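Take a look at the complex shown below.

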Amino acid sequence: MTPESAFDSAALDNLLAAPLVLAIMLPLLGSALTTALPRLAPLLGTLIAVGTAGAAIWTTVAVWTRGPIHLVLGGWDPSLAIALRADGMAAALVLMANLVGLAISVYALGYFRAPDRAQSFWPLWLLLWAALNGLFLAGDLFNLYVMLELLGLAAAALGALTGSRDAITANLRYLLVGLVASLTYLFGVALLYTAYGTLDIGLLSSAIAADEPSPLDAAALTLMVAGLAMKSALFPLHFWLPPAHASAPAPVSAALSALVVKAAFYLILRLWLDLFEPILDLSASMLLGLLGAGAVLWGSWQALRAERLKLLAAYSTVAQIGYLFLFFPLLAATPPGPSRDNLLAALLLMALTHGFAKAGFFMAAGLVQTNAGHDRIDDLGGTAQRLPATTFAIALAGSALIGLPPSGSFIGKWLLMQGAIETGQWWWVVVGTLGTLLSAAYIFRVLSRAFGLEPTPIKFVTDARAEVPALMLSLVSVAVLGLASGPLWTLLGLNASGGGA
Amino acid sequence: MGAQFLFGGVGVVLFVLGLWSFLVHAPLLRKVIALNIMGSGVFHVLIAVAYRGDTAPPDPVPHALVLTGIVVAVSATALALTFGGRLMDMDKDGTDDA
Amino acid sequence: MTTLLILFDVLLLGTLLALAFAAVLSVEPRRAVMLFIAFGLWLSLVWARMQAPDVALAEAAIGAGLGGALMLAAARRAARVRRSEANGSTMP
Amino acid sequence: MNNSLATLLPGLIVLSSMVPGAMIFLVREESHLLRTVLNLFGAVLKLLLVGVMVWAVWQGNELESRLVIAPGLELVLHADALSVLFATLSTVLWLITTIYAIGYLEHSPNRSRFFGFFSLCVSATVGIALAGNLLTFVIFYEILTLATYPLVAHRGTPEATRGAKIYLAYTLTGGLLLLVGAVWLRTLTGPVDFVEGGVLSGMPPELHGQLIAIFALLLAGLGVKAAIVPLHGWLPQSMVAPAPVSSLLHAVAVVKAGAFGIVRVVYDVYGVTFASELGLLAVLSVLASVTIVYGSLMAMTQDGLKTRLAYSTVSQVSYIALGASLLGPVATIGGLVHLVHQGIMKITLFFCAGNYAETLGVHKVSQMDGVGRRMPWTTLAFTVGALGMIGIPPIAGFVSKWYLGLGAVEAEQHWVLLILAASTMLNAGYFLPILYRAWFRPLPEAWPKEHVFDTRFETMGALLWPPVITAVLCLVAGLLAAAPFSPLEWAQLIAKREYGL
Amino acid sequence: MTKDPGRSGADARNDAAAAARAAERDRDLSLLLAVLLTLIGIALLGIYWLALNEAEGPRLADLALGLVPRTGVDNPVTAVLLNYRAYDTLMELAVLLAALLGIWSLGPAPAGFQRSGRALAAMVSWVVPLLILAAGYMLWVGGYAPGGAFQAGALLGAAGVIVRLAGDPSAGLPGEHAQRALSVLGVLVFALVGLALLWLGDGFLTYPPSLAKWLILLIESAATLAIGVALAAAYVGGRPATAPASTLASGKAGARTEPTGEGN
């Protein structure tokens with residue numbers, strides 16, 4: 001688009017651009033402001049959090065009403081400039097990430113009471129938030145690299161905020177792994193630029209589709225997906241995640257597990273579907289599926305054996321990310337049509353549910369930890385019973401993690417199993433069933449501590465600022481996503497006729 | 001194109017060399033150096049792609065990407081080394097700052 | 001002419017690779033960092049040769065210069081810790 | 001009937017206990033009055049709504065609430081004759097049990113938690129009753145599991161948590177098998193609503209193998225809750241729960257949910273004729289018969305009053321499955337009427353057991369010498385229930401056995417008569433000694449733990465009246481079996497519709 | 001790490017043997033990896049060859065070079081950095097900020113700072129002004145020749161490094177408040193310019209051609225300062241301490257830090 005041709009529709013373009021740009025720029029500005037004015041950080045941070053969430057909702061509404069938004073920044077030729085884009089998938093994830101982000105912000109107000117910690121937390125957290133929105137809305141491969149690095153650096157810095165030895169060690173490892181991962185990704189990008197001479201995802205997509213499938217595409221795909229798989233902690237590259245997520249402060253753990261890992265996964269999905277669909281065969285998808293199955297079983301098993309609540313939650317993230325990868329072979333084996341649409345929506349539904357549920361879970365776990373002074377599961381008895389609302393949040397989030405009805409992941413698993421049976425890949429049903437049983441075992445291992453002979457709590461909610469956000473997120477993952485998943489299909493622009501057979 | 005391959009090929013070698021060193025060497029400083037060499041490899045490939053012989057002006061886009069990449073790399077280096085320094089202090093004091 | 005130029009390029013790149021290998025393989029921290037800085041500076045030379053003066057400047061100043069300074073500080077610290085451990089004293 | 005009411009009523013019936021239940025969680029522990037008001041308000045409102053529904057279904061109205069969760073996945077609540085039978089039973093008994101529970105738990109801790117889950121439990125049971133398709137059934141079936149777990153674990157003693165864990169392990173595994181079966185069936189047929197007479201008879205023969213496998217999965221899933229041998233292990237273990245829980249949940253809600261599910265699958269999914277053609281009924285009747293005999297034999301050996309009653313439940317619930325497994329309307333009537341009769345008889349027995357425990361500290365059969373003289377009304381109610389279980393006319397149990405026997409003759413399965421005879425002998429074998437002890441053995445010098453209430457009756461009013469009322473219901477159901485709106489009449493209506501007569 | 005003096009010689013010998021075995025295992029692993037990665041490297045070389053063959057064209061070069069006159073600068077690299085792909089550059093400043101904030105979040109700068117010799121101190125007096133001057137020149141020249149905000153910022157940062165090496169633990173940086181303000185200046189100005197353009201109807205980071213040159217210069221100046229401060233502060237390696245010593249920098253940290261006028 002040249003500047004001239006853009007001129008007549010400039011006003012409309014700007015209106016469409018505003019929510020996308022604001023969703024990224026508001027937290028970025030907020031980070032700068034909270035850095036410059038550390039005393040006002042909690043106040044400014046909260047205001048910015050509300051504004052950012054508003055921009056995200058606006059983005060989603062715009063996509064809902066107008067369909068996908070594609071925006072070339074700077075008014076230059078699309079191949080030269082950087083594009084932002086928001087389609088249904090991006091909008092859904094942005095909405096989830098920002099609602100969770102808002103809840104984390106409110107929770108953090110109560111969590112970081114020492115001004116010192118709060119001053120460190122807010123600017124980094126807002127940077128992380130900007131990076132997340134930037135990732136979900138990016139339409140340019142190199143811009144994604146910059147966003148990935150921003151995300152990685154901010155996440156590692158946030159994770160080490162407690163300053164404890166374990167936290168620094170774990171997050172240093174996370175930082176280094178993240179750097180290797182993003183450089184690997186960047187190498188793939190360099191190869192693509194060499195071959196196709198553009199970085200825009202849309203243009204590359206048509207260029208790749210136009211050419212014969214070549215080893216070059218496969219190599220670029222492998223490098224990029226390998227890098228992102230490291231970042232999304234796909235088994236067996238997950239080793240860095242549990243210590244890093246378990247040692248971070250609770251609101252940060254929530255953001256890392258619910259959002260950061262999800263962003264890397266989202267990029268894999270995007271590359272897979274948008275760029276490399278034409279060159280993929282079933283075997284590549286099958287490999288991802290197998291790794292996902294490994295993650296489901298190994299992650300759940302480790303979660304079951306974990307002695308600490310936050311470590312349990314971190315291993316559960318490994319397992320839950322695994323579920324998402326199970327969809328790849330099914331998508332590959334399903335021809336376009338309602339069945340495939342259902343799979344895609346189910347995949348997203350599981351990702352969204354996990355986002356809400358895991359954030360709620362970690363926030364509740366953080367409350368238990370601050371209340372008990374530790375998070376050793378075996379000694380939690382009294383605490384769990386003393387904090388009914390927190391325990392309730394863990395229970396709700398936990399049933400969403402297991403995939404019990406009426407949570408969103410139940411619907412997701414239903415459609416996953418349906419897809420597996422329809423495509424004849426019944427072994428994923430076995431994996432899903434075993435994973436569900438294991439996750440039920442580790443969740444109820446925690447919940448059974450809430451029933452003891454300790455004195456009865458007087459009230460349901462004891463600390464509203466911290467407990468209500470956790471409870472709300474858990475409730476969304478169970479009730480809203482499970483009972484009203486239909487709008488997701490509409491948002492994705494999928495054929496809403498549905499039907500399995 | 002021969003020159004592009006020659007130069008870029010060295011970038012590939014640097015990338016692999018850095019990756020190998022990152023994987024096999026435990027000390028933080030060596031890992032950081034390895035990462036930087038890995039990054040230099042990728043940048044080198046991009047610079048080689050931009051190079052269009054000594055007469056034609058080079059492609060500025062990869063150059064800008066590399067500039068961005070260099071700043072990102074030094075940022076990451078600074079953060080990683082600070083983390084490492086903090087750990088070293090803790091070792092020295094034998095305490096945990098939690 | 002071209003043969004000579006190619007020879008020159010090969011020499012340039014060969015030195016670059018040699019510096020990289022040396023930096024990666026040296027065990028002693030300070031030596032490794034010095035070699036890395038040398039590698040960075042040489043890299044900027046190569047990039048200048050490849051018509052990328054902007055990037056060459058940035059690499060020399062930021063990559064080799066500031067990155068090297070950061071690493072050097074870390075190496076010095078590591079050496080000091082090692083020395084203090086060897087002496088059995090906690091303070092340098 | 002008003003159209004919008006017709007589409008709302010089933011949903012309202014579920015919500016009428018769910019909303020007060022959710023509110024009860026928030027009630028402060030010491031607000032006894034508010035909690036009682038919420039409890040009784042929900043129970044009475046539900047009863048009224050169910051009354052409207054009974055009338056409407058009797059008139060032949062279609063009541064159906066639909067909520068689209070996602071394309072092709074619908075939450076359907078549908079009122080037909082069968083669902084009304086189970087919903088009415090649950091609602092009536094819930095009201096009585098609520099009164100009983102308020103008295104029983106007067107001074108115990110964690111009452112807000114208890115009554116919250118108690119209400120959720122009944123909501124789930126009614127949801128199961130009204131479920132209009134397999135997806136809805138699975139959702140409420142799992143919610144029932146989740147809502148009962150805290151009730152079983154309620155006391156917080158090590159035995160309680162252990163019993164709850166065993167309960168959960170059985171039911172969650174069962175629920176998962178049911179889920180896999182339901183998903184598999186869906187991939188073959190697309191979305192399936194329950195239809196009187198079944199929907200699968202038109203399936204091509206090459207799918208019959210898969211249909212049999214699916215039936216096995218569904219039966220395994222439902223059999224866990226219905227406590228069919230060898231899936232019954234959880235039931236005696238979970239008798240650690242407080243008496244009201246045992247009464248309502250293990251005599252009515254949970255086990256009946258399983259039995260009801262079997263009836264649904266046989267009649268409204270497969271269709272009884274088609275199920276018989278596939279040879280599924282034979283398997284079911286054998287399993288049911290084994291369970292009937294095994295449960296009775298085990299009951300003989302138990303000294304604990306509640307565990308004896310629990311094994312009696314194992315045995316008696318399978319009468320329903322037995323009725324479903326015999327081809328012919330008469331057996332159907334026998335099975336379905338037993339769904340109600342067994343419920344009111346068994347709840348009477350559990351109420352009485354709770355009264356003995358609460359008033360005298362009597363937990364074992366061997367401690368029951370002379371209780372009839374100390375607590376005549378309670379023991380009278382117990383006697384009615386026990387004689388009904390044995391099948392002595394004119395108590396309700398006789399009607400069920402009579403129709404089951406006739407049904408066996410009609411289906412030419414004469415060996416079933418032997419099972420019924422053996423079971424009756426065994427029932428007498430484990431109930432008559434109790435009655436003998438209670439009425440004819442001398443009083444002991446002191447009761448294990450006597451609790452004197454400030455009342456002119458033998459025990460607290462809230463504990464005494466519920467068993468007396470249900471005992472009267474047992475007599476009425478037997479004496480007035482031919483009256484309109486009696487359980488028998490209603491079962492005949494269902495059978496007529498199922499067989500298309 | 002610390003050795004227990006009470007341990008027997010046999011233990012030590014066992015340890016040594018175990019360490020030797022571990023070292024051998026490590027060597028094997030590293031060799032294996034070397035072979036594996038060599039193979040991967042060869043494959044990547046082949047792929048790279050293919051990629052070069054696939055498109056011998058100019059890629060974006062001609063397009064990018066051709067539009068340079070409309071960008072407000074003459075140096076094509078600056079045109080890409082601050083106009084075509086300005087959004088990347090903004091985010092890159094954010095990356096630098098993230099690193100700096102991460103460094104600050106770990107507390108005040110660690111101890112171990114050593115005053116250097118007199119020779120270096122003497123050098124500072126003429127090298128540092130020269131570097132600052134060079135930075136200014138680099139910033140200005142970036143519009144039409146090699147150079148620009150990053151190179152200029154790096155020179156400023158280098159000046160800070162030299163100042164610190166010469167004896168000022170705070171690397172010549174101003175007090176905490178000014179440091180915080182300066183380090184976010186780049187992001188702040190960049191983002192605000194972008195949003196203002198969006199507000200005015202040009203579009204986010206879409207400079208009107210008439211103003212492009214000055215807007216870019218404004219952004220570059222702010223970025224130069226921010227980069228310089230951030231790099232120098234990163235070299236210091238810790239949060240600027242507000243005087244008097246904050247509550248966190250209690251006894252232990254204070255004992256290790258030399259008494260200097262921190263924060264200038």
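Two residues are in contact if their C-beta atoms, placed from the backbone, lie within 7 Å. This is a predicted model: local features need pLDDT of at least 70, side-chain atom pairs count only at pLDDT 80 or more, and totals for chains, interfaces and linings use all residues. Residues are numbered from 1 along each chain as its sequence is written, while chains are lettered from A and ligands numbered from 1 in the order in which they are written.

**Where chain A meets chain E**

Here 55 residues of chain A are in contact with 49 residues of chain E. On the chain A side, the elements that give two or more residues are α2 (10-36), α5 (115-137), α6 (141-159), α7 (165-196) and α9 (215-231). Helices (H or I, at least four residues) and strands (E, at least two) are DSSP runs, numbered from the N terminus. Which element gives the largest share of this side? It is α2(A), with 14 residues. By class, the side of chain A that touches chain E has 37 nonpolar, 14 polar and four charged residues. Ala, Val, Leu, Ile, Met, Phe, Trp, Tyr, Cys and Pro count as nonpolar, Asp, Glu, Lys and Arg as charged, and the others, Gly among them, as polar.

Other pairs of chains stay apart. No contact joins chain A and chain C, and their closest C-alpha atoms lie 15 Å apart. Chain D and chain E do not touch either; their nearest C-alpha atoms are 38 Å apart.

**A helix pair in chain A**

Now look at α4 (residues 88-111) and α11 (residues 250-275) of chain A. Their axes come within 9 Å and cross at roughly 165°. Axes are lines fitted to C-alpha atoms, for helices over the stretch in contact, and angles run from 0 to 180 degrees between N-to-C directions. α4(A) and α11(A) are therefore roughly antiparallel to each other, a label for angles over 145 degrees. The contact includes A:Leu93, A:Ala97 and A:Tyr111 of α4(A), and A:Ala250, A:Pro251 and A:Tyr266 of α11(A). By class, this contact has 14 nonpolar, no polar and no charged residues.

**Chains B and C**

Chain B has three helices and zero strands. Its elements run α-α-α from the N terminus on. The radius of gyration of chain B is 18 Å, well over the 13 Å that the globule rule gives for 98 residues, so chain B is more spread out than a compact globule. This radius is taken over C-alpha atoms, and the rule is 2.2 Å times the number of residues to the power 0.38.

Chain C also has three helices and zero strands. The radius of gyration of chain C is 17 Å, well over the 12 Å that the globule rule gives for 92 residues, so chain C is more spread out than a compact globule.

A residue is buried if 20 or more other C-beta atoms lie within 10 Å of its own.

| Chain | Box of C-alpha atoms | Buried residues |
|---|---|---|
| Chain B | roughly 60 × 25 × 15 Å | 74% of 98 residues |
| Chain C | roughly 60 × 25 × 10 Å | 49% of 92 residues |

In chain B, 51% of contacts between residues at least 6 apart join residues at least 24 apart. In chain C, 44% of such contacts join residues at least 24 apart.

Terms used
Buried ≥ 20, exposed ≤ 12 C-beta atoms within 10 Å, placed from the backbone. Parallel < 35°, antiparallel > 145°, perpendicular 65-115°, else oblique.
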